[in-house]
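Please keep the model open while going through them.

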Amino acid sequence: MRQVVTRRQWMILPAIGAAAAFAGARVAQRDSLPGLVSAGEYAEARSGAGRRPVPVEPGGVYSAGAFPLATPSLAPSEGRELVQSVCSTCHSLRYITMQPPLPPAQWEATVKKMIDVHGAQIPQPTAWRIIAYLQANYAGR
């Protein structure tokens with residue numbers, strides 16, 4: 001009796017062959033990365049360290065400044081706690097504090113973008129309070 005091989009069986013054969021070929025291959029991540037001084041240890045932060053060009057030396061070992069873990073403080077004003085609780089659910093508060101002084105209309109457009117484009121679930125009365133806080137504390141002219 002002759003067995004009929006279906007198309008699906010032919011598609012499985014290459015997958016089995018590939019799995020057998022890579023069975024002994026190391027697929028996991030390497031233990032060390034190029035430029036890593038030591039796992040979890042970083043040099044002290046230097047002012048402007050992120051702005052300097054990285055030297056290109058084959059086989060060079062580099063260090064990085066400490067990762068900033070502290071949450072930036074928002075300006076003390078009415079609505080600060082609201083902004084901290086609502087905005088930090090999606091992104092760091094650093095996104096607010098690192099902005100240049102934006103015109104009031106730009107802060108309104110930014111909050112609208114968070115709701116319309118990024119899907120932030122912010123009720124309109126809350127959005128107006130957030131906008132008012134941002135305009136009062138982080139707006140330029």
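Is the crossing of H2 and H5 left-handed or right-handed? Point 4 gives the reply. The model is predicted, and the points below should be read with that in mind.

1. Overall make-up. The chain has five helices and zero strands. Read from the N terminus, the order of elements is α-α-α-α-α. The chain has 141 residues, and buried residues make up 16% of them. Among contacts with a separation of 6 or more, 59% are between residues 24 or more positions apart.

2. The core. In the largest nonpolar core there are 17 residues. Leu 74, Val 83, Ile 96, Ile 130, Leu 134 and Tyr 138 have the most contacts inside this core. Helix H2 (80-87), H4 and H5 are the elements that give two or more residues to the core. H5 supplies the largest share, namely six residues.

3. Leu 74. Which residues does Leu 74 contact, once its neighbours within four places in sequence are left aside? They are Arg 80, Val 83, Gln 84, Leu 93, Ile 96, Thr 97, Tyr 133 and Tyr 138. Leu 74 is also one of the core residues with the most contacts inside the core.

4. H2 against H5. Two packed helices are described by the angle between their axes and the distance between the axes. For H2 and H5, the axes come within 9 Å and cross at roughly 115°. The crossing is left-handed, which settles the opening question. On the H2 side the contact uses Arg 80, Leu 82, Val 83, Val 86 and Cys 87, and on the H5 side Thr 126, Arg 129, Ile 130 and Tyr 133. Sorted by class, these are six nonpolar, one polar and two charged residues.

5. Two residues of that contact. Thr 126 lies in helix H5, and Val 86 is in helix H2. Are these two residues classed as buried or partly exposed? Thr 126 has 17% relative accessibility and therefore counts as buried, since buried means under 20%. Val 86 has 21% relative accessibility, so Val 86 counts as partly exposed. Not counting residues up to four places away in sequence, Thr 126 touches Leu 82 and Val 86. With the same exclusion, Val 86 touches Ile 122, Thr 126 and Ile 130. The C-alpha atoms of Val 86 and Ile 130 are 8.7 Å apart, while the two residues are 44 residues apart in sequence.

6. Gly 79. Where is Gly 79 found? Gly 79 is in the loop between helix H1 (7-21) and H2. Its relative accessibility is 17%, so Gly 79 counts as buried. Gly 79 and Tyr 133 are 54 residues apart in sequence, yet their C-alpha atoms are 5.7 Å apart in space. Tyr 133 is also one of the H5 residues in the contact with H2.

7. H4 against H5. Helix H4 (residues 104-116) and helix H5 (residues 124-138) have axes that come within 9 Å and cross at roughly 145°. H4 passes H5 in a right-handed crossing. From H4, the contact takes in Pro 104, Ala 105, Trp 107, Glu 108, Val 111 and Ile 115. From H5, the residues are Ala 127, Trp 128, Ile 130, Ile 131, Leu 134, Gln 135 and Tyr 138. By class the contact has eleven nonpolar residues, one polar and one charged.

8. His 118. The loop between H4 and H5 holds His 118.

Definitions and conventions. Residues numbered from 1 in each chain as written. Predicted model: local features only at pLDDT ≥ 70, side-chain atom pairs only at ≥ 80, totals over all residues. Heavy atoms only, no water. Axes fitted to C-alpha atoms, helices over the stretch in contact; angles between N-to-C directions. Helix = DSSP H or I, 4+ residues; strand = E, 2+ residues; numbered from the N terminus. Left-handed = near helix turned anticlockwise from the far one by under 90°. Contact = heavy atoms within 4.5 Å. Nonpolar A, V, L, I, M, F, W, Y, C, P; charged D, E, K, R; others polar. Core = buried A, V, L, I, M, F, W, Y, C linked by side-chain atoms within 4.5 Å. Buried < 20%, exposed > 50% of the residue type's maximum accessible area, 1.4 Å probe, protein only.
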